[in-house]
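Visitor: Could we go through how the helices of this structure pack together? I would also like to hear about its aromatic rings.

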Amino acid sequence: AEMVRHAQENDAISSRLVAWTRALLIEDEPAALPQTLVSAMKEVFSVPHCAVRLWTVKPPYATLVCARPVSADTITLANSMRVPFCGSNVGFEAASWLGPDGVVKSVALLPLRVGASPETFGMLVLGSADPDRFHSSMGTAFLERIGELASAALARLRA
């Protein structure tokens, strides 16, 4: 029974992943892509808080919200990540992109990179007021796929 439940949960997540990916693929305006990505993530996956930052963008996209400055520490953190981080919000700069301090109790931090490159060009951050929504013992396989797809979609904005 537990295996059937897990299979059903994975099928539901896979369906959501397809719907989210579809939203990215049909967005033909590169400048609108970061907002489409965030809006679809919130809607499709019921993620209450979501933001993306890109630290190397082409000049036409430099005024977008996603291109706001990011500290060197956050870039170093992203470059050090090989898999998404899930856990308590312990004052990550990326959590401040989601709204007022204290609202977000748990986060998932997804580094954005092109292929297997060690260098990142951005980060996708998901957050929740529920301290258990993103926890250190949860699997990250689907979050890794989300990070890969977000990276591929947003790569056309990077310098």
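This is a predicted model: local features need pLDDT of at least 70, side-chain atom pairs count only at pLDDT 80 or more; totals for chains, interfaces and linings use all residues.

Visitor: At what angle do α2 and α5 cross?

Guide: Helix α2 covers residues 33-45 and helix α5 covers residues 141-154; their axes cross at roughly 155° and come within 10 Å. Since angles over 145 degrees count as roughly antiparallel, α2 is therefore roughly antiparallel to α5.

Visitor: Which residues of α2 and α5 meet?

Guide: From α2, the residues are L33, P34, L37, M41 and F45, and they meet I146, A150, A153 and L154 of α5. By class, this contact of α2 with α5 has 9 nonpolar residues, with no polar and no charged ones.

Visitor: And how do α1 and α5 pack?

Guide: Helix α1, residues 2-26, packs with α5 at an angle of about 10°, and their axes are 11 Å apart. This angle makes α1 roughly parallel to α5.

Visitor: What makes up the contact there?

Guide: On the α1 side are N10, I13, S14, L17, W20, T21 and L24, and on the α5 side F142, R145, I146, L149, A150 and A153. The residues of this contact of α1 with α5 divide into 9 nonpolar, 3 polar and 1 charged.

Visitor: That leaves α1 and α2. How do their axes cross?

Guide: The axes of α1 and α2 cross at roughly 155° and come within 9 Å. That angle makes α1 roughly antiparallel to α2. The crossing of α1 and α2 is right-handed.

Visitor: Which residues form the contact of α1 and α2?

Guide: Helix α1 contributes I13, R16, L17, A19, W20, A23 and L24, while α2 contributes L33, T36, L37, A40, M41, V44 and F45. The contact of α1 with α2 comprises 12 nonpolar residues, 1 polar and 1 charged.

Visitor: Changing topic: how many aromatic pairs does the structure hold?

Guide: The structure holds 1 aromatic pair.

Visitor: Where does the charged end of R158 sit?

Guide: The charged end of R158 sits over the ring of F121, at 5.8 Å from the ring centre.

Technical notes. Residues are numbered from 1 along each chain as its sequence is written. Side-chain values use heavy atoms; hydrogens and water are left out. Rings of Phe, Tyr and Trp (its six-membered ring) pair if their centres lie within 6.5 Å; planes under 30 degrees apart count as stacked, over 60 as edge-to-face and the rest as tilted. A charge sits over a ring if NZ of Lys or CZ of Arg is within 6 Å of the ring centre and within 35 degrees of the ring normal. Axes are lines fitted to C-alpha atoms, for helices over the stretch in contact, and angles run from 0 to 180 degrees between N-to-C directions. Helices (H or I, at least four residues) and strands (E, at least two) are DSSP runs, numbered from the N terminus. Angles under 35 degrees count as roughly parallel, over 145 as roughly antiparallel, 65 to 115 as roughly perpendicular and the rest as oblique. Contact means heavy atoms within 4.5 Å. Ala, Val, Leu, Ile, Met, Phe, Trp, Tyr, Cys and Pro count as nonpolar, Asp, Glu, Lys and Arg as charged, and the others, Gly among them, as polar. A crossing is left-handed if the near helix is turned anticlockwise from the far one by less than a right angle, and right-handed if clockwise.
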